[in-house]
Amino acid sequence: MASVRMVCKVMARLSGSVQPRHCGPSVCARTVTFLQQQRWPPYGNCPALFYSTHLPPSDVNLKYKYDRLVLEVPLPSRNEKCVFFLRPMLMTVGDLLTDLQKEDPGVSTSVLTKDGERVASTTLIDALLDKNFKLVINDTAYDIQPPKRECVSSEHIIELEDMKHVVHLLHTALHMPEHHLLKERELLEKLDTLKQQLSPLEKMKAQLSHTAEFQTSNVVWTGLALLSVQGGALAWLTWWVYSWDVMEPVTYFITYATSMGAFAYYVLTKQDYVYPEAKDRQFLRYFYKGAIKKNFNVTQYNQLKDELAQVEEDLRRLKYPTQMQLPLEQIQAKP
């Protein structure tokens, strides 16, 4: 402190002993003006000049305030800092730039990386906070250093998940009844429409099913009659016309021909010759033949039936809200 005062006294004496004898009025005036522009406020009894090699601090601050990420930005048109609350997981860089331009429509903004590369507008703010970046406002670049993130413990994460679950249950309790009513009304209207569309098709389908069933029964009874005739003919030829020694090879070849017929049925239909399945196949053959004659659209009928079954299932689940989140195989009615 004493040395500074000594230097000030010496400079004051030197400045007092110097007289501007060899300079004109204009030169002296310019010299005095220059000295006045470069002179800082006096320190004690002497003027003091300050020099610094450090850049002024950034006017943009990014910090946590009230547990929320806050960005303080000076806007050119307002001459003051404007505060923006950021949502890192929901907002993108484009959203931030849009908010800045809404507050000051005359500015041009962009976000650059530390190396000067432009950041895409679809980048999440959360990804931007991993490294330092630059915010450019009207060709003025502000270096921004994101705040350090706190490590969240597993217990805190579990508490957050529990809180989310409670909020979900509260939302369900408040809004689900109204949603159920609207959904049930919509399903009932759709159910009524499907039944009206199916009503004429059901009548035609019943007629076709009755005709096909009658024709299938005739085929079954005809087969039984033919087998009875075959057994009676073989018995008559064995005991009254020929002997067993003559009819034994005949019955063998008849049995072998029957086996060949069963195998031929498998080759043509890719199904075993089982009586119920053979009857169902014959029923479908007569049914589709009658549908073609009556112009009955089987594909449309099946589609409407599937939609009706789905609507009925949705209505059944709406009547039991406790089964809404259960898999279908756990709530289906047991036979």
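**View A. Lys279, with a relative accessibility of 36%, is partly exposed in this predicted model.** Its side chain meets that of Glu213 in a salt bridge, with N and O 3.9 Å apart, a salt bridge being a side-chain nitrogen of Lys or Arg within 4 Å of a carboxyl oxygen of Asp or Glu. The pair links distant parts of the chain, since Lys279 lies in helix H7 (residues 275-294) and Glu213 lies in helix H5, 66 residues apart. Glu213 is likewise partly exposed, at 35% relative accessibility; here buried means under 20% relative accessible area, exposed over 50%, and partly exposed in between (1.4 Å probe, protein chains only). Residues are numbered from 1 along each chain as its sequence is written, and side-chain values use heavy atoms, with hydrogens and water left out. In this predicted model local features need pLDDT of at least 70 and side-chain atom pairs count only at pLDDT 80 or more, whereas totals for chains, interfaces and linings use all residues.

**View B. Glu202 and Lys305 join their side chains in a salt bridge, at 3.4 Å from N to O.** This pair also links distant parts of the chain, with Glu202 in helix H5 (residues 154-241) and Lys305 in helix H8 (residues 298-319), 103 residues apart. Helices are DSSP runs of H or I with at least four residues, strands are runs of E with at least two, and both are numbered from the N terminus. Glu202 is partly exposed at 29% relative accessibility, and Lys305 is partly exposed at 32%.

**View C. Glu72 forms a salt bridge with Lys63, the closest N and O atoms being 3.7 Å apart.** Glu72 is buried, with a relative accessibility of 13%, whereas Lys63 is partly exposed, with a relative accessible area of 37%. By the rule used here, the count of salt bridges comes to 4.

**View D. Helix H6 covers residues 244-269.** At 1.5 Å a residue, the 26 residues of H6 should span 38 Å, which agrees with the 37 Å between its end C-alpha atoms; the expected span is 1.5 Å times one less than the number of residues in a helix. The buried residues of H6 are Met247, Tyr265 and Thr269. Just after H6, Lys270 takes a positive phi of about 60°.

**View E. Three strands form an open antiparallel sheet in the order S4-S5-S6.** Strand S4 (109-113) and strand S6 (140-144) stand at the edges, each with a single partner strand, so one side of each has no neighbour in the sheet. Neighbouring strands of this sheet are turned by 25° against each other on average, direction ignored. Strand S5 (residues 133-137) pairs with S6 in the antiparallel sense over 5 bridges, where two strands pair if DSSP finds at least two bridges between them. Leu135 stands opposite Tyr142 in S6. Helix H3 (residues 93-103) packs on the sheet, touching S4 and S5, and its direction makes about 145° with that of S4; contact means heavy atoms within 4.5 Å, and axes are lines fitted to C-alpha atoms, for helices over the stretch in contact, with angles running from 0 to 180 degrees between N-to-C directions.
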